[in-house]
Amino acid sequence: MKKTTLFKWMTLAAAGAMTAGCASYPDEATTRQMAEKMVYDAFAFSPAHKGRLDQDRSQQICSKIGDAKLTQAEAAEIVKLARASIEYPASGKLYGDWKVGDRLAHDGAGDRIRNGKLENRKENGGLCQNCHALAPGEINVGNVGPSLTGYGKQRGNSEAVIKYTYEKIYNAWTYFPCSNMPRLGATKHLTPEQITHMVAYLLDPQSPINK
Amino acid sequence: MVNVRGIRFTACASLCLALTLPASALAQGDLSVGRKMLIEDNPGELWIDQGKALFHQKRGPKNVSLEQCDFGMGPGKLEGAAARMPRYFADTDRVEDLESRLLTCMTQLQGFDRNQLIKQAISSPASKGSDIEALALYITSRSNGMKVNVSLSHQKEYDMYKAGEYLFFRRSGQTDFGCVQCHGEPDKRIRLQDLIHMTSKAGAQEVASTWPAYRGSHFVVRTMQWRLNDCVWQMRLPDLKYATDYSIALTTYLNRQGNDAVIQVPGFKR
């Protein structure tokens with residue numbers, strides 16, 4: 001009788017230690033499993049929009065926690081995937097209309113979802129103004145990314161610069177693996193044609209950004 | 001000549017900001033001056049009394065007040081309760097933030113319908129606000145002057161914290177955004193909107209101590225759940241449901257990082 005009581009107390013104490021004393025941070029794999037489940041439980045989504053929650057391989061690599069750095073092999077994989085993602089416009093022309101590009105660069109809307117409904121827009125905005133300084137004197141611009149003021153003036157508009165600029169906008173990770181910049185073409189936020197207009201906006205001597 | 005093209009004054013607050021700021025201050029980009037001026041006369045104060053009345057009133061199908069609701073310090077004890085949330089609650093066996101705890105009590109204690117509460121939780125702009133918004137503000141105001149003190153002791157609190165950290169850095173969708181893309185560096189802005197540097201102690205403390213807040217451009221008090229909801233909308237993610245573990249995890253992570261901040265609500269936001 002006495003022995004059983006003692007045993008009971010010991011079991012209770014052990015259980016107590018397990019729940020109170022020994023609680024600690026879960027390991028990486030457990031954390032990932034729990035957090036990924038949270039994502040899919042938290043959002044109301046139609047099958048068409050599930051892809052917005054799913055991470056592709058590059059996004060997985062680029063979600064390093066804290067100050068963790070990319071390994072060289074990871075960076076190389078990102079660049080390889082980014083290169084493979086780039087599509088060019090059917091016309092083969094990478095240099096569009098800077099006036100259209102100007103409008104797109106100042107448009108931050110498109111494709112947002114509220115109450116299950118997709119924002120009703122003819123096309124998505126280019127989002128540039130949110131993060132980059134654009135034409136000289138514009139004050140309603142962000143600074144998450146570097147200033148683009150005088151972008152073309154500094155670089156000229158050679159074939160090589162045009163191609164680089166197109167690819168940079170299409171998939172920024174081609175040149176800067178895991179940078180904060182969205183892979184605007186690769187994620188289908190923008191079409192190849194829209195990107196050609198933004199290339200012209202950045203490079204054309206007539207564009208306000210180079211004035 | 002300053003080119004102001006592209007600026008859309010959609011809100012009274014931005015308008016006030018522009019009117020009260022000397023042109024030189026705006027040119028220097030020092031918008032914090034105007035923001036500080038607005039904080040001193042915070043209309044959000046009006047919601048506190050409303051929340052207090054709602055708390056003590058007998059309401060819901062069961063016709064009881066929230067005085068028996070335990071926010072972690074014992075039934076009805078509100079002093080310092082919000083400062084310690086999110087936290088683990090044994091009765092639900094969950095980690096809950098203030099808003100999910102309110103849902104628990106309003107359904108279990110008062111008998112309100114959960115779906116109905118959730119539907120009304122985030123009010124329309126320029127409305128009189130929702131019950132949960134007013135209650136969340138009142139309860140948090142009872143921690144005013146106290147330090148944020150989110151402690152991790154239960155295993156589920158550790159789990160929630162780590163999940164929140166993971167989610168803060170998780171990138172997805174067509175913008176490739178996680179939280180850290182906008183909130184990982186000091187002195188950054190989206191257009192003219194200052195972004196809080198949440199991976200710094202000071203930034204996390206600002207988050208942990210200023211919600212619920214009066215949002216000038218919406219004319220209502222907004223909560224942390226709303227804040228996260230609006231972020232993921234801009235990130236192009238689908239609709240974030242109210243009071244999910246996803247938002248509780250992020251709030252646990254941020255508030256814990258923000259420990260020792262002195263709570264002062266309602267905050268004031270653009």
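## Contact between chains A and B, and selected packing

The contact between the chains takes 52 residues from chain A and 46 residues from chain B, two residues being in contact if their C-beta atoms, placed from the backbone, lie within 7 Å. On the side of chain A that touches chain B, α1 (2–21), α2 (28–42), β1 (43–44), β2 (113–114) and α6 (128–131) of chain A each supply at least two residues. With eight residues, α2(A) gives the most to that side. The residues there divide into 22 nonpolar, 19 polar and 11 charged. Ala, Val, Leu, Ile, Met, Phe, Trp, Tyr, Cys and Pro count as nonpolar, Asp, Glu, Lys and Arg as charged, and the others, Gly among them, as polar.

This is a predicted model, in which local features need pLDDT of at least 70 and side-chain atom pairs count only at pLDDT 80 or more, while totals for chains, interfaces and linings use all residues. Residues are numbered from 1 along each chain as its sequence is written, and chains are lettered from A and ligands numbered from 1 in the order in which they are written.

Chain B has 12 helices and eight strands; helices (H or I, at least four residues) and strands (E, at least two) are DSSP runs, numbered from the N terminus. Of its 270 residues, 48% count as buried, that is, with 20 or more other C-beta atoms within 10 Å of their own.

Two strand pairings are listed below; strands pair if DSSP finds at least two bridges between them.

| Strands | Sense | Bridges | Residue pair |
|---|---|---|---|
| β1(A) and β7(B) (residues 239–240) | antiparallel | two | Ala44(A) and Asp239(B) |
| β5(B) (residues 213–215) and β8(B) | parallel | three | Arg215(B) and Lys269(B) |

An open sheet of three strands in chain B has the order β6-β5-β8, with mixed pairing. β6 (220–222) and β8 (267–269) of chain B stand at the edges with a single partner strand each, so one side of each lacks a neighbour in the sheet.

Within chain A, the axes of helix α5 (residues 98–105) and helix α9 (residues 192–203) come within 7 Å and cross at roughly 100°. Axes are lines fitted to C-alpha atoms, for helices over the stretch in contact, and angles run from 0 to 180 degrees between N-to-C directions. That makes α5(A) roughly perpendicular to α9(A), a class that covers 65 to 115 degrees. The residues making this contact include Trp98(A) and Leu104(A) of α5(A) and His197(A) and Tyr201(A) of α9(A). By class, the contact of α5(A) with α9(A) has seven nonpolar, three polar and one charged residues.

Definitions and conventions: Buried ≥ 20, exposed ≤ 12 C-beta atoms within 10 Å, placed from the backbone. Parallel < 35°, antiparallel > 145°, perpendicular 65-115°, else oblique.
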